[in-house]
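This report goes through one structure, starting with its ligand site.

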Amino acid sequence: TVFNIGSINIDHLYQVDHFVRPGETMSSTSYQQVLGGKGANQSVALAKAQAEVKHVGALCCADQHILQQLQEYGVNTDHIAKVEEVSGHAIIQLTPSAENSIILHAGANHKLTKSQVEYVLALVQGGDWVLLQNETNLVAETLQMAQRAGAKVAFNPAPMDADLTRKVLPYIDLLIVNEVEAMDLAETDSIEKATQILPEQYPELAVMMTLGKDGVRYFSQQEDIKVDAFKVEAKDTTAAGDTFIGFCLAELERGSDFETAMRTACAASAIAVTRLGAAPSIPTLDEVTEFIAK
Ligand code: ADP
């Protein structure tokens, strides 16, 4: 089982002619509401990769229909708390040239309680993973409790908070970052230097660093494995990282080695970037297997 303790957002997408200007009131040309948040996207990816995934989070009482959407993807929602607080959401303006401008409000995502987390972590069994991103509250406490509970702990520190991330590294088995986050953490502007600095400073750490169209690199003091991305024509890279993480952890949980997990995850995210949107762009494991075989 993978316990994903993470955000759930309602993304409000407004198609606009231009970004609204100071003092301007502007009508949108279309509106769409979709499921989002790094946490929810990664849970969907895990479920599509056929992992048993329990999402742990919080939603406003009024938005319980979101649970059904997650369930339809195969995500267990038993541990999503109903709270008296607006759900996490994003107000997104999209222009005809595909630029976006986003207001994010954490809302219920910052209303996780210690007792909720404790209750869930008591269910952890040997071999289970606990996954977190940085869009919920109690991140440091939860990572520490997850380690104590005997889980394998994966952390995707997005959005990056370098101070927090350094503080929690002792609790983490696998840090999953993109190249920008890795460089932030290592306080360098070179990817190559980041791959040297991080294992030097943190000898116990294992890092999975995604490199966009250049693939992914897994490194620690003992290992350095690089897997190339699959060549595709990218249309929309939204949720590429989330797809990667879901498929990678699903494979690791099944007992695959790192190289196999990285290859499967690269294939899954390559498919995702050829499709528009977040959760709907994530392929199924069957699609990924077929894609690799081609
Ligand atoms: P994030 O979205 O978190 O910044 P990346 O951009 O590093 O993450 O993408 C995650 C993974 O998605 C990469 O490791 C790669 O396998 C895949 N990917 C991203 N962009 C492309 C692309 N243009 N072509 C093929 N694969 C891609």
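The ligand is surrounded by 17 residues, and the closest of them are Asn 178, Thr 210, Gly 212, Gly 215 and Ser 269; a residue counts as near a molecule if one of its heavy atoms lies within 4 Å of it. The model is a predicted one, in which local features need pLDDT of at least 70 and side-chain atom pairs count only at pLDDT 80 or more, while totals for chains, interfaces and linings use all residues. Residues are numbered from 1 along each chain as its sequence is written, and side-chain values use heavy atoms, with hydrogens and water left out.

| Residue | Part of the residue | Distance to a ligand oxygen atom |
|---|---|---|
| Asn 178 | polar side-chain atom | 3.1 Å |
| Thr 210 | N or O atom in the side chain | 2.8 Å |
| Gly 212 | polar backbone atom | 2.8 Å |

Nine strands form an open sheet with mixed pairing, in the order 5-4-1-8-9-10-11-12-13. Strand 5 (76–83) and strand 13 (224–227) are at the edges; each has a single partner strand, so one side of each is left without a neighbour in the sheet. On average, neighbouring strands of this sheet are turned by 15° against each other, direction ignored. Strands (E, at least two residues) and helices (H or I, at least four) are DSSP runs numbered from the N terminus, and two strands pair if DSSP finds at least two bridges between them.

Strand 4 (residues 53–60) pairs with strand 5 in the parallel sense over six bridges. Within strand 5, Ala 81 is the residue opposite Ala 58. Helix 2 (residues 65–72) lies across strand 4 and strand 5 and runs at about 165° to strand 5. Helix 3 (residues 114–121) packs on the sheet, where it touches strand 1 (2–5), strand 4, strand 5 and strand 8 (129–133). The direction of helix 3 makes about 165° with that of strand 5. Contact means heavy atoms within 4.5 Å; axes are lines fitted to C-alpha atoms, for helices over the stretch in contact, and angles run from 0 to 180 degrees between N-to-C directions.

The structure holds zero disulfides, a disulfide being a pair of cysteine sulfur atoms within 2.5 Å. For Cys 60, the nearest cysteine sulfur is that of Cys 61, 5.2 Å away. Cys 60 counts as buried at 15% relative accessibility. The sulfur of Cys 266 is 8.7 Å from the closest cysteine sulfur, in Cys 248, which is too far for a bond. Cys 266 is buried as well, with a relative accessible area of 5%; buried means under 20% relative accessible area, exposed over 50% and partly exposed in between, with a 1.4 Å probe and protein chains only.

Notes:
Polar contact = N/O pair within 3.5 Å; in protein donor to acceptor, adjacent residues only side chain to side chain.
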